[in-house]
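My notebook is open and the viewer is loaded. Here is what I looked up, entry by entry.

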Amino acid sequence: MSRRTRTYYYAVLGALGGLFGWQVSDLLGLSFAGNLYLTEAVVGSLVGLSVGLFIGVTEGALTRNPVQALKSGLFSGVLGFVAGALGLPLGEFAFQSVGAGLLGRIIGWGVFGLLIGAAEGVVGKSQVWKGMLGGLLGGAVGGLLLELARTRLQDQLTGKAAGLVLLGASVGAFISLIVVLLSRAWLEVTSGKLKGTEFILDKFMRAGGPAVAIGSSPLKSEIVLPDPDIAPQHAMLTGDGMQFSLKDMSLSGTLVNNKRIERIRLSNGQRIRMGNTEMVYHEKR
């Protein structure tokens, strides 16, 4: 899936997370008389768990990597749980105590989005700060839309549902959008089962950072290509802060611009072939 198209799916999955979170909190009928902040913390944690879980599985689902989807979904869900438990009471406190009004709740939802974005940055392939920035912006915009929906729609239940759907969509969309706009290096699959998919490599760019394996096994590789002619761990990408080096680790070989390589320093536009899958390496200066 292209970097731009993935923003659409992040928004859709985030919206589903918001809808699911609303359904759970509504079915449970959570209410704690006399303790508004406890109510906000419990409801917020359930909404955060749901939104974080759905956004977390998006990348793994798009790239057909069940291991990444499970790992990312669980981690993002847990951090979303914490985000909701902190963000909603914080916004309510600002709203009730310091007269921040709508701004207070927007701040609370911004904190909520920031923590979900942090989780996505940790388990994804971009830097954590980009996920946090996208989550912060998405939470703030989504929080504004949520509060407007709750106040403008006559039916309170409909307003809450619409608001949480808009919140989830906004957090998901902004996390993906910021990562896409600020990405420095990525692989675009141009042939094979994942044709059109783009893998962002920014997280692995820094010198001395972790290398990223490319292969057919989700247990042995970070970038998984479902191709029977690709080894479980076929090649390794290593960053030096500016560019990536590609090292072949297979018996069948890796081609760069139709030449078999053992190790090569990649440059923008080079074509990489492994098995029946071809990719193009892109970088921005």
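Entry 1: I started with phenylalanine 20, which is partly exposed at a relative accessible area of 47%. My cut-offs: buried is under 20% relative accessible area, exposed is over 50%, and partly exposed is in between, with a 1.4 Å probe and protein chains only. A note to myself before going on: this is a predicted model, where local features need pLDDT of at least 70 and side-chain atom pairs count only at pLDDT 80 or more, while totals for chains, interfaces and linings use all residues. Residues are numbered from 1 along each chain as its sequence is written, and side-chain values use heavy atoms, with hydrogens and water left out.

I then counted aromatic pairs and found four in the structure. Rings of Phe, Tyr and Trp (its six-membered ring) pair if their centres lie within 6.5 Å; planes under 30 degrees apart are stacked, over 60 edge-to-face, and the rest tilted. Tyrosine 8 is exposed at 52% relative accessible area, and tyrosine 9 is partly exposed at 30%.

Phenylalanine 20 pairs with phenylalanine 54: the ring centres are 6.0 Å apart and the planes stand at 45°, so I logged the pair as tilted. This pair links distant parts of the chain, with phenylalanine 20 in helix 1 (residues 3-28) and phenylalanine 54 in helix 2 (residues 36-62), 34 residues apart. Helices here are DSSP runs of H or I with at least four residues, strands are E runs of at least two, and both are numbered from the N terminus. Phenylalanine 54 is partly exposed too, at 23%.

**Entry 2: helix 4 and helix 6.** How do the axes of helix 4 and helix 6 cross? I got roughly 45° for helix 4 (residues 102-123) and helix 6 (residues 156-182), with the axes coming within 10 Å. Axes are lines fitted to C-alpha atoms, for helices over the stretch in contact, and angles run from 0 to 180 degrees between N-to-C directions. Helix 4 and helix 6 are therefore oblique to each other; under 35 degrees counts as roughly parallel, over 145 as roughly antiparallel, 65 to 115 as roughly perpendicular, and the rest as oblique.

Which residues meet, taking contact as heavy atoms within 4.5 Å? On helix 4 I listed Trp109, Phe112, Gly113, Ile116, Gly117 and Glu120, and on helix 6 Leu164, Leu167, Val171 and Ile175.

**Entry 3: helix 5 and helix 6.** The axes of helix 5 (residues 128-152) and helix 6 come within 7 Å and cross at roughly 155°. That makes helix 5 roughly antiparallel to helix 6.

**Entry 4: two buried residues.** Glycine 121 lies in helix 4 and is buried at 4% relative accessible area. Leaving out residues up to four places away in sequence, glycine 121 touches Ser126, Gln127, Val128 and Lys203. Its C-alpha is 9.5 Å from that of serine 76, 45 residues away along the chain.

Valine 212 sits in strand 3 (residues 212-215) and is buried at 0%. From valine 212 to leucine 102 I read 44 Å, C-alpha to C-alpha, across 110 residues of sequence.

How values were computed:
Contact means heavy atoms within 4.5 Å.
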